[in-house]
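Reader: I'd like to go through this one with you, and I'll keep asking what your terms rest on. Can we start?

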Amino acid sequence: MEWSDLRIFLAIAREGTLGAAARKIGQTQPTMGRRLRALEQALGQTLFQRTADGFVLTDEGTAVLAHAERIEEEAIALQRQTTGTETQLDGTLRLSSSDWFGTLMLSPVIATFGKRHPKVTVELLTDARLYSLPRREADLVFRIKPFSEPEVISRKLLHIPYALYGKKGSKPPRAGDGSGVRLVTMNAEFADMPDAIWLKRTLPQADIALRSNNRQVQAELCASGGGLAVLPRPVGDRDRRLVALDIGVTPPGRDTFVGYHRDLKRLARLRALLDLVVERLAGKVS
């Protein structure tokens, strides 16, 4: 097994096709295919599934990817040390977070990171799915629950306060009642969220008018007069059509945790992005 073959493997994994990978590192497509086959034979594993849309990593390929990236980082570090020059960060990073957190909190940080490291491609996934770090479905994950996987390195990033909001001009309802009040809340799949439970307990006589698992959709429904909603303060406070309602009790806030697989702790581009995220966000909201 040769380092040059791992370099080809990394290019194919990142670009998705032999042609794009060949252009990336200045090799011919037949050479790329031949060297990939040699690597697979040396390892005794099929590293990619060949599909009509390109090359997709197999489970074995995903396992090799983490090791190959570490070897790449060491090679770059050695080159930097021996030449005395700063090598620009390169490669891809995949992030996962909730919709509103990705939009409002992470996007400005990622934009700054992109200006500093233009050769790093950052992919931000903001759906409701919990992406797996052990399976390398994402490199850096932001969640509202602590990580339990033993192979994940994590830390608490910040605390997000929540508040009850209504359309500007709304009157605060009476806590413990809620008669005649319409609510915008989470859908049934997320009915056990602390803010949804708080809303049901605090305004037990209120009617559930609208449901959504998207906080920004909830904010828009609330601002359009659909009903009162509990929202993260970074979402509700930025919308001038909304007003925070003081009813004497405050909905529970949530902690946000960030985690990554321990195999990536020496990945330079991940460390650089994580350092910037911590610098910009850690402890900023409380």
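Author: Between domain 2 and domain 3 about 710 Å² is buried, and carbon and sulfur atoms give 69% of that area. This is a predicted model, where local features need pLDDT of at least 70 and side-chain atom pairs count only at pLDDT 80 or more, while totals for chains, interfaces and linings use all residues. Residues are numbered from 1 along each chain as its sequence is written, and side-chain values use heavy atoms, leaving out hydrogens and water.

Reader: What makes that area "buried"?

Author: Buried area is the accessible area (1.4 Å probe) that two parts lose on being put together, summed over both. On the domain 2 side, Asp99, Trp100 and Leu104 supply 68% of what is buried against domain 3, more than any other three residues.

Reader: Where do the bounds of domain 2 and domain 3 lie?

Author: Domain 2 is 91-155 + 260-283 and domain 3 is 162-252; such bounds come from an automatic or database domain assignment. Seven residues of domain 2 are in contact (heavy atoms within 4.5 Å) with 10 of domain 3.

Reader: How many salt bridges cross that interface?

Author: Zero by the rule, which asks for a side-chain nitrogen of Lys or Arg within 4 Å of a carboxyl oxygen of Asp or Glu. The whole structure has 15.

Reader: Why is Asp263 with Arg70 called a salt bridge?

Author: Their side chains meet at 3.9 Å, N to O, and the limit is 4 Å, so the pair qualifies. Asp263 and Arg70 are 193 residues apart in the chain.

Reader: How do you know that the largest pocket lies between domains?

Author: Both domain 2 and domain 3 give residues to its lining, so the pocket lies between them. Lining residues have an atom within 4 Å of a point of the pocket. There are 31 of them, and Ser98, Ala128, Leu130, Ile144 and Phe190 are the closest to the centre.

Note on methods: On a 1 Å grid over the protein atoms alone, a cavity is a set of points where a 1.4 Å probe fits but cannot get out, and a pocket is an open set with protein on both sides within 12 Å along at least five of seven lines; lining residues have an atom within 4 Å of a point. Helices (H or I, at least four residues) and strands (E, at least two) are DSSP runs, numbered from the N terminus.
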